[in-house]
Number of protein chains: 2
Amino acid sequence: MPEDLSRLLSPRSVAVVGASSRPGSVAGEILRNIVRCDYHGVIYPVNPKYETVEGLPCYASVAALPDEVDLAVLAINKDLVLPVVEQCGEMGIVNLVIITAGFKESGKEGIEREERLCDLIARYSLNVVGPNCMGIINSAPAVSLNASFSRWFPKSGEIAFVSQSGSLGETVLEFFEGMYLGVSQFVNLGNRAGLSENDFLTHLATDDQIRLIFLYLESLADPVAFRQLVERIAHTKPVVVLKAGRTEAGQAAVASHTGSLATSDVIVDAFLTQSGAIRVSSIREALTVLGAAKWGAIPNGRRTVIMTNAGGAGIITADACEHVGIEVPLLPFAAKEKLASFLPPEAGLGNPIDMIATAGSSDYERTLRVSLSAADSAIVIFRPPLVLKESPEAVAEGILRVAKENPDKPVLVCTLSHSSNMSAFKKRLQEEKIPVYTMPETAVDALASLCRVGDLQRGRRLPDRVSDIAIDRGRAKRVIEAVQQEGRSSLTFAEGAEVLSAYGIEVCSFAYVRDVQEALVFAREARFPLVAKIDAPGLFHRFELGAVLTGIANEEQLRRAVCRLEELVVSQGLRSGRILLQPTLSGRELILGMERDPSFGPVLMFGIGGTLVEALKDVSFGVAPLSIDQAERMIRSIRAFPLLEAFRGQPSVDIGALADTLHRLGEMSLDLAMIAEIDLNPFIAGEQSAAVDILIKL
Amino acid sequence: MPEDLSRLLSPRSVAVVGASSRPGSVAGEILRNIVRCDYHGVIYPVNPKYETVEGLPCYASVAALPDEVDLAVLAINKDLVLPVVEQCGEMGIVNLVIITAGFKESGKEGIEREERLCDLIARYSLNVVGPNCMGIINSAPAVSLNASFSRWFPKSGEIAFVSQSGSLGETVLEFFEGMYLGVSQFVNLGNRAGLSENDFLTHLATDDQIRLIFLYLESLADPVAFRQLVERIAHTKPVVVLKAGRTEAGQAAVASHTGSLATSDVIVDAFLTQSGAIRVSSIREALTVLGAAKWGAIPNGRRTVIMTNAGGAGIITADACEHVGIEVPLLPFAAKEKLASFLPPEAGLGNPIDMIATAGSSDYERTLRVSLSAADSAIVIFRPPLVLKESPEAVAEGILRVAKENPDKPVLVCTLSHSSNMSAFKKRLQEEKIPVYTMPETAVDALASLCRVGDLQRGRRLPDRVSDIAIDRGRAKRVIEAVQQEGRSSLTFAEGAEVLSAYGIEVCSFAYVRDVQEALVFAREARFPLVAKIDAPGLFHRFELGAVLTGIANEEQLRRAVCRLEELVVSQGLRSGRILLQPTLSGRELILGMERDPSFGPVLMFGIGGTLVEALKDVSFGVAPLSIDQAERMIRSIRAFPLLEAFRGQPSVDIGALADTLHRLGEMSLDLAMIAEIDLNPFIAGEQSAAVDILIKL
């Protein structure tokens, strides 16, 4: 377990091992960065070849250092790394940043080298960033350290940025600079031999200086731990994740029926959403989200008012809102009346409110006040007019007065212009944490991301609903263990039904029958039409085999069905095959499933059964543990969801009950790790909801 | 009909009516703009109040002008506009730009004023831009005229920009400036009392200086003319359209069954695509498309290779490609072998090709050559490395050599940096018309828009397929006229069947029967199961009424069905109701429909029948005339299209035949303007394809 990371990120002294004045030397570049950024602590260059580097006394080895050192940065030949790490361990230097490449990213020899490094990390309880990384940065004024070869040393601010990639990290730092986004802490994880994103999340959770966390990841070091951390952090600090590698991820898609509809990236999406992270899919989107979230107000809903002094821009903005799901509702009559009392008669009192080109500061102030009384946020377009009757700053002051009266309602301003006339206007608003955009679409994207943050934070305020009906874990476990002891890898229908029942999941009534006589007995209790099928472990494609007979309407048909299945059992050599009878349930035909993802664990799938799933791939995914609310969101997210609501005379499916079932399936998958795959296809949701077919593989 | 617009856009002399030196005067602003931009022609200020304005002799009235004037710009009190226009007409000044507002945009009085203006335009055959506009600009060096109050006078270039909105237009001009996009001609249409976008399209079609046309429109002045023009122009000059007003447009959605699934914006989308325009939905997207298309190469397909010296950026780029439908295929073995012969062993030879940070100009040149041999385009990421072994310009030269060898394959370069180190690199590439982007996502968006241009231009090379089977227009027309003479507003099934047959559209066989005896006769020819329904003009919801009985399996059931329908005819008082019998066709259940949009004319609808259409609103639209290819694209664009392909034992639907039917329905709708609405629901596509139910309203 890594120790506390405060000293790693805020060291009082740093040794740069490998430091030299040679141009092009990475260690030299790092040393120069540390000197250049006005680091507040003590710097020790370490290199046996030099007496001094950059005017600082240079030490021959880590062992020769005169004092305790909080952090050592290693940028040396790969063959020297392990001995130096060992020396550090012996010297009690526990915080290391290993820049050097040539580890697990580079073939067999490198993999072995990294394994030995891991041994050293464990032996000396080291906090190691890297290897194969760019380094770390802490630009907080009290530290001011650029222990990396990044050419950009960010302004300090409330963002922490943890990046798996170095070059991408440096790129984003450069863009942050252009966007006035302050980043106090930057960590490039590299190979993650020691510390991973999770260790830094743990640390950042308690760092009061950090209000926003941005992660660039190509893979997750430990998804389960990640989720627990993000669930805890995200309700106070938005965690924005740029998870790259969709294409690659697709290749890892699992191959079986349920899985063949999934791509891993869909699972990553479900996982990040459930965790409470805000996933972005491009650098531009990341910058927009971070830029919007760095300041205050998170809206309570998706209703916005657009006010403008330029008609066309208002329409474009309304279009953009519709595109991202932000509502642009009409104003209530009273609000319109109020606006009409001061805006000129040519003004448009719809939404967008077109205040026309003559609008001044008082129009902006009063219109914004009316707008915010009717909505959760406002987008204010102030295009510098041809004739400025007053200074743009006066307009800014008007906007600010209303924004201050409404601290929980974001106001986003849009200028449609880079013009230098507007710089004082922008500056004034930004000082007071009102974001200003040039393009209306960017303002809308920003508002949309604030809405996402709001949705997440509101969701977090309520405890996740979970089922309170008792689950009989022991009973389910005993069934599975018995199957394992028989050396089978799949359950019979009856066994599956018992496991499901132990978890409170309804199963359609059924009976095994040995002959026509027994079948007729069952038919007297259940009503026609009946379903007859062969149940045999390992018989997974019985429909294709003709081993499922539906719509059996009377005794004569039942007789024939049983005979046909009996013949099939013989002709197909299904020695353990038994004939199973069920009544016909009516309702919507659904598919519920579970597969185990190698890194995310149990992945639940939901879809509407029949041809739709196959043709439209219209299914949704969730990662266990899956709360009832998460399950409900999962159910609602399929495109065909309207088919589950009251429709053509059929009543609505009980979504709550269905969500509860998915939740229970998730619990079952977590409890019973021996289960590899579950397929309830169909699961009928109607007056009676129940699994009609059950496939459980171990 | 407006005259040739050359003199309007390239006048040898301009009169500015209303010109004054008074600060804040719009006419004064325009005059100053004309003076400031070094206009090559003669300028005549016109204002009875002044002797000189801006140092130029000022004339008391249009009548007092000493010479012929090619263009008059009117920025005067709205009450003076009509007399001055009349004066211009009398003086033979035919080209006018009317800046003044207070016309149809401002109430009853303004509407009347605009009507009188239209009369004058007609009387004197005037070319009028506006009223209520910002003016026009021609920045071509031979003219250099800013006859507008726009604060931005664009650099001349190959783009023409026609904007319905003035403020939006000025905004976009400012952004063009920031993007080095040259605009030779800018026109703000304003109210379009005289000239519309179509007149300028007609002119621009023949202007060899213009290679790209950009339109900002909130509505189309004349969609039919627009389509004919764009169809003609777009295969040589991309026409990019930012059509705003989605939300407003939605309100105009038609109310009937078919229409209720449509929003007008979906129709606009279909219309613009069919026309061959490139629709964009934001200013940012417009800038990206124009920026990409302003230079040369249009790709022949969607396969690209990404090459990078920074791994993470390559992954982000691949993700972005997948997102917009650009293929990132693996390289063939031979290409990989070639790359392995010169790239270092740490390089990644997938796609993206990760050349790692050490890659130099020769690596870029050779890798790009291999890449372009295997794909239609390349995205080249060159992030300035920490250690520059050679100048970035050397890398640029390497890229340029290969780009010149492949003039038909676009190469898009991405730097991931604003760094000034890269300005010579960028400049060198841009000089040779290789676009350079900072963000990889922008480069990908640009490539995607180039692919759209390519798709359109390739599509245009082939003549649109239309049906060659004879159509009997006269026969269809006679049926409709007979119905009209009877004063009915809807057709019986038999009448509808005749109209469809006249257009070569198959109809399911049917017979009217007066009693059970006749029904039994029909049953002997057609096979059971049968369908029986009541056919009565004006009975539109017969399914809900129980007036459609399906699955009639034998004579007994037929007897009962006929009796039941007979009773229904009586009980519902359907005096003209007749009983209609049909065989049951098997196949996919589809919906084909037509409604008439007030501005776009006949709009065709296609969808899969049954619950899917209602619940998922999964339908597509096309605007007549609809070629067979356009109809096929329309069919393929529904989400549920996979259900029409070979599926669960059913053979694929004959898409070509179905497209032909939609095409014929379009022709019928154009020929027979009396038809308001057509609904073929269901249309069965199977072994035999035919309309099973027919609703035609007049």
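**View 1. Salt bridges between chain A and chain B.** Chain A and chain B are joined by 4 salt bridges, a salt bridge being a side-chain nitrogen of Lys or Arg within 4 Å of a carboxyl oxygen of Asp or Glu. Arg284(A) forms a salt bridge with Asp445(B), and the closest N and O atoms are 3.0 Å apart. The model is predicted, so that local features need pLDDT of at least 70 and side-chain atom pairs count only at pLDDT 80 or more, while totals for chains, interfaces and linings use all residues. Residues are numbered from 1 along each chain as its sequence is written, chains are lettered from A in the order in which they are written, and side-chain values use heavy atoms, with hydrogens and water left out.

**View 2. The interface of chain A and chain B.** In this interface, 60 residues of chain A are in contact (heavy atoms within 4.5 Å) with 60 residues of chain B. The two chains bury about 5,300 Å² between them, 60% of it on carbon and sulfur atoms, where buried area is the accessible area (1.4 Å probe) lost on being put together, summed over both parts.

**View 3. Helix 5 and helix 11 of chain B.** Helix 5 (residues 166-178) of chain B packs against helix 11 (residues 283-293) of chain B at an angle of about 45°, with the axes 11 Å apart; axes are lines fitted to C-alpha atoms over the stretch in contact, and angles run from 0 to 180 degrees between N-to-C directions. Helices are DSSP runs (H or I, at least four residues) numbered from the N terminus. Leu168(B), Val172(B), Phe175(B) and Phe176(B) in helix 5 meet Ile283(B), Leu287(B) and Leu290(B) in helix 11.

Definitions and conventions. Helices (H or I, at least four residues) and strands (E, at least two) are DSSP runs, numbered from the N terminus.
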